[in-house]
Amino acid sequence: MTTETLTIVISAIGIVLTLGTSLFAAGAWMVRRIDDRIDAVDEKLSTRIDAVDEKLSSRIDAVAADVTDLKNSVARLEGPPRHLLTASR
């Protein structure tokens with residue numbers, strides 16, 4: 001191999017390695033940025049879901065209390081038959 005050919009081959013290898021390293025660094029930066037955005041969205045969604053969960057839990061508890069009161073009221077109305085003494089003549 002001549003000196004010129006060897007220089008061109010080494011230069012080409014250097015350029016390919018430099019571009020590869022740059023692309024790898026850019027890819028790593030993009031992945032890190034996307035991860036940060038996903039974490040921010042995940043945190044925001046978690047906060048909203050927790051708020052909705054709290055709200056629904058309180059509503060469900062209120063409905064459960066109302067249903068319990070309703071069941072007690074119906075049981076009092078229907079209750080067991082009264083044992084009254086009646087004259088059977």
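Colleague: Which residues gather in a patch of negative charge on the surface?
Modeller: Heads-up, it's a predicted model: local features need pLDDT of at least 70, side-chain atom pairs count only at pLDDT 80 or more, and totals for chains, interfaces and linings use all residues. Residues are numbered from 1 along each chain, and side-chain values use heavy atoms, leaving out hydrogens and water. Patch residues have over 30% relative accessible area (Shrake-Rupley, 1.4 Å probe) and no salt bridge (Lys or Arg nitrogen within 4 Å of an Asp or Glu carboxyl oxygen), with like charges joined within 9 Å and nonpolar side chains within 5 Å. Here they're Asp 35, Asp 36, Asp 39, Asp 42 and Glu 43.

Colleague: Is Asp 35 buried, partly exposed or exposed?
Modeller: Asp 35 sits in helix α1 (a DSSP run of at least four residues). Buried means under 20%, exposed over 50%. At 39%, Asp 35 is therefore partly exposed.

Notes: A salt bridge is a side-chain nitrogen of Lys or Arg within 4 Å of a carboxyl oxygen of Asp or Glu. Lys and Arg count as positive and Asp and Glu as negative; His and the chain ends are not counted. The place of a charge is taken as NZ of Lys, CZ of Arg, CG of Asp or CD of Glu. Helices (H or I, at least four residues) and strands (E, at least two) are DSSP runs, numbered from the N terminus. Buried means under 20% relative accessible area, exposed over 50%, partly exposed in between (1.4 Å probe, protein chains only).
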